[in-house]
Every structure is written in C-alpha cells, then in structure tokens.
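I opened the coordinates today and kept notes as I went. Entries follow in the order I looked things up.

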Amino acid sequence: MSSLKVREGEADFNVPGAGKPCKTWYKVYGTLPHPHNTPLVVLHGGPGSTHEYLDILSELTRLFDVPVILYDQLGNGRSTHLPEKNGDVDFWTVQLFVDEMHNLLNHLNIHDNYNVLGQSWGGMLASEFATRQPKGLGKLVIADSPASMALWVKAANELRKELPQDVQDALNKHEAADTTTDPEYIAATNEFYKRHLCRLDPMPQSLVDGLAWMEKDPTVYSTMNGPNEFYITGSLRTWNVIDRLHNIQATTLLINGRYDEAQDIVVEPFFQHIPKVRWIQFADSAHVPQLEETERFMQVVWAFLRG
C-alpha cells in the first residue's frame, strides 16, 4: 500500500458523575467498513498512558490492509481530562473503561465484528471486556499483561533483586519515606525501566511521548496504579481476573517478552484458564515488543488474525 488512509475523530461519551461532557479521541488507519478484513481495536497501557507508543501497529494496515483503531482512554492524551477526579477510586473503575470501549465500538459502527489487542493495562482491560462475552468480538490479543496485580508485584519484586544494590537501596528508602517524586527515586526507577520496560537505547520517541502524557496529567495513573510500574499503591493493587478467564470465548493470543515486567508467572494464568489460547514470547524484548522486535511482532499478530 503506497499511501495510508488515516482519519481522526471524537466520540461523545456520556459519563455519569463526570460533571461535564466527555469525549474519546480516536484515530483510524485504513478503511471502515472493510470488505474483507476485521478491524483491530487497540487498547493502550498505563492506565494513564496514550496511543502514541502503539501507533506502530499501523504497520498492520500498511502491510496487510487491516483497519487499525487507536484511541486515548478517558482522562488521557487527546480525550477529555478530569484532573478534578484525581484520587477518586469510585470514579476511575475498570467498568468505566469497559463502557468507553462499547461506546466507541457503537460510534464507529463496528460492534458486530471486531478484534481487540490490549497492551499492558490495555490487556487487563481487554481481558475484563472479553470475560463479559461481548457481541462481535472475534479474536483477542493480550500483550505484556498480568492476570492479577498480586502476581505482577511478585514478579517485579524478583526483578528488583537483580538491580544493583545502590539502586535497590534508593527505591526502598524513598518508598518507605513516601518520597517517590525525589530525583534519586526517579533515576532508580529508570534503571528498572531500561531493563524491563524497553531495552532500546535511546528509548523510542513514541514511548517517551506516551510516558510524558502521564507526567502532564497523572490523574488516572496515580489513582489506579501508583508512582510507577512496580510500586503499586492505587485501586488496581487488588485486581485479579483469573477466576473469570474461563468465560472468554474469543480465540486468544498471549504475548510477552523474555525481559518483560510481565514475566511468565503473570501471563501463565491466561494460558491455563482461557479455553482457546496460544502463547508466544519475544526473546529480545522487554515490555514493548511491538517496538523492540517490530517486524516479528507484526508477522505474529497478522498470522494470528488471519488464521
């Protein structure tokens, strides 16, 4: 394909309790409706990041003519921000983001036929969405995601033990003192990220941009997650989908990286409990194989969607 068809838009999203009109910003690569290929809806991570670091999935459109839909979840990026809801755990719920997905599918008129790829928190959201057996869901890709936050924290604690001792000491000191905005703590956090978030140096600009949005408005991330990827203090700290995974009817592809924050122990429950599932690991990747091993990632996802 020589030129890529791209359009952007906003879907009105009625959110009780928001106190103002809300919109979900989205971007569509390719043609909707498509005569042959099922559209792929992509869910970004965080919660509180944005679509930028998943823009690379437009390669699926360029190479294989798959319509790809990216969007910024409520509170993030180009969608409506609600900083006044910072810390409001009753407002920022998984169900809110499930409702937003349904709203967007209806807005785009694809609710009868679509596939979903969720990355990191996006995969958690995708699994929650799929356990409800929504109409129209064809195939599901869960990339670099935990089946429970308790397992995520367990894996992170093991990875922390492999950091240099001075880095571990800095992390422990500032977490105990609740000074996680201290430059020393942030520098120590970045040492973890270099190993287990993204192994590319320098970090791709699209990932830098996605992380920057969380700094501009940390409302969603700080409320639901916490200071960073491995110190979980937010409302998701007790999240667990394992006992509902058997409800997922969609054929599912699991993805993680060898050096991923989403270590095998956090992914394995998906493999054990989803009825129709396969699992592929990327040997040279951490948490973002779509950026670290782009060519193979596209081939793997396309083979799954096509098959």
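**Entry 1: helix α2.** I started with α2, residues 94-107, in what is a predicted model. This helix has 14 residues and reaches 20 Å from its first C-alpha to its last, close to the 20 Å expected at 1.5 Å a residue. The expected span is 1.5 Å times one less than the number of residues. My helices (H or I, at least four residues) and strands (E, at least two) are DSSP runs, numbered from the N terminus.

I then checked burial in α2. V94, L96, F97, V98, E100, M101, L104 and L105 are buried. Buried means under 20% relative accessible area, exposed over 50%, and partly exposed in between, with a 1.4 Å probe and protein chains only. Just after α2, N109 has a positive phi of about 60 degrees.

**Ground rules.** I number residues from 1 along each chain as its sequence is written, and side-chain values use heavy atoms, with hydrogens and water left out. As the model is predicted, local features need pLDDT of at least 70 and side-chain atom pairs count only at pLDDT 80 or more, while totals for chains, interfaces and linings use all residues.

**Entry 2: the sheet.** In what order do the eight strands of the open sheet run? I read β1-β2-β4-β3-β5-β6-β7-β8, with mixed pairing. The edge strands are β1 (6-13) and β8 (277-282), each pairing on one side only. Neighbouring strands are turned by 20 degrees against each other on average, direction ignored. Two strands pair if DSSP finds at least two bridges between them.

**Entry 3: β3, β4 and β2.** β3 and β4 run parallel, joined by three bridges. V42 stands opposite L70 in β4. On the other pairing, β2 and β4 are antiparallel over four bridges, and K27 has L70 as its bridge partner in β4.

I looked at side-chain directions next. In a regular strand the side chains alternate between the two faces of the sheet. From β3, L40 and V42 point one way and V41 and L43 the other, and all are buried. From β4, V68 and L70 point one way and I69 and Y71 the other; all are buried here too.

**Entry 4: helices on the sheet.** Which strands does α2 lie across? I found β1, β2 (22-29), β3 (40-43), β4 (68-71) and β5 (114-119). α2 runs at about 125 degrees to β1. Helix α9 (residues 264-273) also packs on the sheet, touching β6, β7 and β8. The direction of α9 makes about 160 degrees with that of β8. Axes are lines fitted to C-alpha atoms, for helices over the stretch in contact, and angles run from 0 to 180 degrees between N-to-C directions. Contact means heavy atoms within 4.5 Å.

β6 (residues 137-143) and β7 (residues 251-257) pair in the parallel sense over five bridges. In that pair, L140 stands opposite T252 in β7.

**Entry 5: S127.** Is S127 buried or exposed? At 0% relative accessibility, S127 counts as buried. S127 lies in helix α3 (residues 121-131). Leaving out residues up to four places away in sequence, S127 touches I142, W239, V241, L245, I248 and F270. I also took the C-alpha distance to I274: 9.8 Å in space, at 147 residues apart in sequence.

**Entry 6: D182.** I found D182 in the loop between α5 (165-177) and α6 (183-196). D182 is partly exposed, with a relative accessible area of 27%. D182 and A170 are twelve residues apart in sequence and 10.0 Å apart in space, C-alpha to C-alpha.

**Entry 7: the whole chain.** I counted eleven helices and eight strands in the protein chain. The radius of gyration is 18 Å, close to the 19 Å that the globule rule gives for 307 residues, so the chain is as compact as a globular protein of that length. The radius is taken over C-alpha atoms, and the rule is 2.2 Å times the number of residues to the power 0.38. Of the 307 residues, 57% count as buried. Residues 24 or more positions apart account for 73% of the contacts with a separation of 6 or more.
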